[in-house]
Amino acid sequence: MLYELIVIGGGPAGYLAAERAGQSGLTVLLAEKRTLGGVCLNEGCIPTKTLLYSAKISDNARFGEKYGVKAADVTLDHEAVIKRKNKVVRNLVAGVKAKMRKNNVTVVTGEAYIAGRNPKGAYEVRVGDAVYRGRRLLIATGSVPVLPPLPGVQEGLKSGFVMTNREILDLMEVPADLVVVGGGVIGLEMASYYQSAGSNVTVIELLDHIAGNTDPEIAQILLKNYQKKGIRFLLSTKVTAIEDKAVVCESGGETLRVEADKVLMSIGRRAATEGLGLENIGVELERGRIKTDSRCQTNVPGVYAAGDVNGISMLAHTAYRESETAVNNMLGKKDIMRYHAIPSVIYTNPEVAGVGETEQTAAEKGIEFEVKKLPMMYSGRYMAENEGGDGICKILVDKEHKRLIGVHMIGNYSSEIIYGAALMIEMEMRVDDVKELVFPHPTVSEIIRETIFEF
Ligand code: NAI
């Protein structure tokens, strides 16, 4: 049989593409080597949020006194948290499977290898002993953790002392001393959970700041909040080796040895393109990532790539949109990917969320802009629910048209509010347009309305 589409990889990009293509009547085969749902569902977004929610309940109970709530002997049962996480993941994976069935997608389990093209032009994909033929391919193989080539890392991974995002989400015991290498999104979310669960957490970060490209002022507020909670940060510090029960690092010419029971490596992820057979059909790569155009098509006609594998914006929600863009183009519908209004969230406590330009990126692009910011305490709901909270909301507007170009916030519910800001940027709304919107009261989202009236 000749499939109209073969999807390689069953994460957010792959399963959504398969679902959309199936809905549109294409015959689809999806190959997944592990579990449907990919990193997001099995060892990323969803399990992390399940853990962080338990931590939030526990923290609220433990520190409830400032709200007049006294709870004695609050404990976080880590094993129960992991078991619940597994249940949530199982249910969601079952949901994805059901969607595949409903849309007549044939799912095969195994590692796919692109063997080449047959004389009729069909792509041949090998999974185990079987060979499948497809008119089109969508490569959605995602990404893998970057592991530094340092002494002790591979040995540590083998012994279980060193973990990636995969292993840490299945840890049945809370380590007394946890060292997190890399103060980016994964590092901060995991540091947050394990600190609440009782670990002594040290985050080692190469740069002089945490949270990557987050607005520096917001990253600084997050750092202060985390230091206050008791997380230790070693900034501008380079890890040089992993030893037995310790991480060796260098800072300002000094060598430090940080004791650890477990180490999480979270220094970034890279596109998963190796061993796929991309060279057999001539797919072009750029620094290890699959190069795609605005239609998510590679240099090879009929071969598309979506999600982390193109390395553009390694986020599940970007993957969803890219997969839809790819499928729409396969169906002959006009659709192009736009990346300027993709929100990003760090699900720490407090949450951090942003969309569009930061002051840095706007300046780098030579955009003339105005920026206004307000403490989140200007929102009555935030004040009611965040005793002593120091969140802020920052809005950037381009000087020429007074259009919103960036919104950045720290404070809880930011993760749920930011899509509204993304919409405003996507729809090219001007300050005066936003001033005419009615926000529900009392909500934390009103901080956007308050800040807009500063212009
Ligand atoms: P990341 O790129 O966010 O952060 C890695 C951090 O490690 C950076 O701050 C970097 O400076 C630091 N680093 C690099 N080499 C180092 C070294 N040798 N020693 C110490 N520090 C070092 O990468 P992360 O946290 O691994 O996340 C990977 C991907 O997963 C990201 O692309 C992210 O978009 C995605 N993700 C998204 C989440 C979200 O949207 N909430 C949650 C978790 C992951």
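Predicted model: local features only at pLDDT ≥ 70, side-chain atom pairs only at ≥ 80, totals over all residues.
Strand 6 and strand 7 form a hairpin with 2 residues between them, and Gly128, which sits in the turn, has a positive phi of about 65 degrees.

**The hairpin and its strand partners**

**Around the ligand**

- The ligand is surrounded by 19 residues, and the closest of them are Ile186, Glu205, Gly268, Met314 and Val345.
- By residue type, the shell around the ligand divides into 11 nonpolar, 5 polar and 3 charged residues.
- Helix 7 (residues 185–197) contributes 4 residues to this shell, which is the largest share.
- Glu205, which is among the closest residues, places a polar side-chain atom 2.6 Å from an oxygen atom of the ligand.
- Leu206 comes within 3.2 Å of a nitrogen atom of the ligand through a backbone N or O atom.
- Gly268 likewise takes part through its backbone, with an N or O atom that lies 2.9 Å from an oxygen atom of the ligand.
- Taken alone, the ligand exposes 850 Å², and the protein buries 78% of that area.

**The second largest pocket**

- The second largest pocket holds about 230 Å³ of space.
- This pocket is lined by 13 residues, of which His340, Arg403, Leu404, Ile405 and Ile425 are the closest to its centre.
- The lining of the second largest pocket divides into 4 nonpolar, 3 polar and 6 charged residues.

**The cavity**

- The structure holds 1 cavity of 30 Å³ or more, and the space in the largest cavity comes to about 40 Å³.
- The residues that line the largest cavity are Pro145, Val146, Asn165, Ile186, Met265, Ser266, Ile267, Gly268 and Arg269.
- Their types divide into 5 nonpolar, 3 polar and 1 charged.

- Most residues other than glycine have a negative phi, and most peptide bonds are trans.
- Asp73 has a positive phi of about 50 degrees although it is not a glycine, and its place is in the loop between helix 3 (45–62) and helix 4 (78–102).
- The peptide bond that runs from Asn349 to Pro350 is cis, with omega near 10 degrees.
- Pro350 belongs to the loop between strand 22 (344–346) and strand 23 (352–356).
- Another cis peptide bond, with omega about -5 degrees, joins His441 and Pro442.
- Pro442 is placed in the loop between helix 13 (431–435) and helix 14 (446–452).

Definitions and conventions: Residues numbered from 1 in each chain as written. Heavy atoms only, no water. Near = heavy atom within 4 Å. Polar contact = N/O pair within 3.5 Å; in protein donor to acceptor, adjacent residues only side chain to side chain. Areas by Shrake-Rupley, 256 points an atom, 1.4 Å probe, with all protein chains shown as cover. Nonpolar A, V, L, I, M, F, W, Y, C, P; charged D, E, K, R; others polar. 1 Å grid on protein atoms, 1.4 Å probe; cavity = no way out; pocket = protein on both sides within 12 Å on 5 of 7 lines; lining within 4 Å. Points joined across faces, edges and corners; volume = space filled by probe spheres on them. Pairing = 2+ DSSP bridges.
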